[in-house]
Amino acid sequence: GCVLVVSVIEQLAQWHNSTVKTAMERLCDYIPGKYQIMCQMLCCIDREMNADVVCHSLRLCKQDPGQLLCHLYSPPKKQKHSSGLFHALTYTRPKRQIRSKSFLGFSSVCAFPLLASLCEKIKYVLRNKLPFEDFDGDKFSTFPTLRGYHWRGRDCNDKNTTVYPGRRPDNWDAKSDSNCNGIWGVDPKDGIPYEEKFCKGADSKGVVLLGDSAGAHFHIPPEWMTVTQMSAKSFANLPMAFSDELDWPQFSEITGFLNSTIGGWTDSLYLRLRKRNRCNHRDLQNISQNVYFPVNIAPYLSFSLARNQLLDNPAVVIYATIGNDVCNRERDTLAHMTTPKEMLSNVVQALRYLDSHLPNGSHVILTGLVDGRFLWNNLHDRYHPLGQLNKDVTYSQLYSFLDCLQVSPCSGWLTPNETLRNLTSERALQLSNVLKEIARSEKFANFDIFYMDFPLRQTAEEWSKMGGEPWQLIEPVDGFHPSQIAAALGTGITWQRALHEWPQVLGKENPFNDQIEAIFKDQGGH
């Protein structure tokens, strides 16, 4: 965190030919509202010292005995090895140590009173994967962030626990909208409820994602650290991003429903199911989380999944933990990867829970793990956004820095060690084969089950046909997650496969879609 902030400040000073003090003031002016309190953590920075030297001299970077000094930038000139950095620190620390108190709390912004309340809310949603603002306790919200309707369909009555997206209509919603799809009331021409007329027998179904940070659509806007593009507008989305855990599920591949504001375009399984059957409006749940270690999904399904087996419509559930089971930040990363035996146990446990809670007629799609060698192969020698101004930080340097700090999102793939990258992909393939065998051999009472490979190769081929480059399919800041472009293209590929191989998953096209939209338009969109 320190290296990031100091790098941006130093580059702002360079780009605007100003003092560091002026650059700090400029950055703080860009940051909105109460988040400016974080500027209190900034202290004097010397433009002649790179960010590594500044942050080490402030004693913000923990270093175990015998551990190499972690650094993002090349060591100071004339001494191109770690002792060069050590020499710089020895020179600067006596002068800087007294100022380090002004940086206390940098790693814990929650210590600031104005941010403490928001931090507590975020801790709650991280623990529970549930909306913080949910007055009736039905797991749906009228508030967008903090696991609200960016993550699940928007509640239309947060004072009534029997009203929520995805349920079967109460008495065909003749008097009120019990399932929040916007269709209710009675046609005055014939006295038939609109929901009965347009949605009866329409094979309505929702979509549920059980995923990881890729499914949550983790994204750090590159304009936050690209000084040549930076302005107050760059940080306008910071409050929303922070309270959504730096995830953007509203633009994601499975549950996206808003037009993308982070580049690319939005296309999602939810939008396509909604277009196919307008009665599916708002029936979505994104139960994903940002973790970089193996996670057994089954235990948190019991309090995160919102589906009533008796009252709700069936659902299409996408099980897509495309990297967590092989990605961790450990030094001996292979020893901490999920084994095939563990994978089988974890997934079957989750499927048994789903079978006891999903309405009959549901579907489950198991998605294989990605081949993450794509990341190093296409990014390692390119410049990271922090390195574009001075051509001094490549993704290879970023990966090594994160690995040294033991915060790498995936030590097995984000490494110059080709053997380790290959072994990680080998384990990923083994785990994908476990999923494939589960789909082939396991049977469940309330849903059928399918398997599909993660469509990375097809996505890259499709993007190449459109004139794109492979590196554009990867998030530019973290150099790890699928980008908005990759998410949108992946949707189309998945949809086409489902149309040809599993048409029952998608349901039939509702012949009344045009009439529904015409009535909505006639009534002002309500």
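A: **Two helices in contact**

Helix H9 (residues 269–276) packs against helix H16 (residues 484–501) at an angle of about 50 degrees, their axes 10 Å apart. Helices here are DSSP runs (H or I, at least four residues), numbered from the N terminus, and the axes are lines fitted to C-alpha atoms over the stretch in contact, with angles running from 0 to 180 degrees between N-to-C directions. That makes H9 oblique to H16; angles under 35 degrees count as roughly parallel, over 145 as roughly antiparallel, 65 to 115 as roughly perpendicular and the rest as oblique. On the H9 side, the contact uses Leu269, Arg272, Leu273 and Arg276, and H16 brings Thr491, Gly492, Trp495 and Leu499 (contact means heavy atoms within 4.5 Å).

Bear in mind that this is a predicted model, where local features need pLDDT of at least 70, side-chain atom pairs count only at pLDDT 80 or more, and totals for chains, interfaces and linings use all residues. Numbering starts from 1 along each chain as its sequence is written, and side-chain values use heavy atoms, leaving out hydrogens and water.

Now for His217, in the loop between helix H7 (213–216) and helix H8 (238–243). His217 counts as buried because its relative accessibility is 2% (buried is under 20% relative accessible area, exposed over 50%, partly exposed in between, with a 1.4 Å probe and protein chains only). Not counting residues up to four places away in sequence, His217 touches residues including Trp248, Phe251, Ser483 and Gln484. Ser483 is 266 residues from His217 in sequence, yet 8.2 Å away in space, C-alpha to C-alpha.
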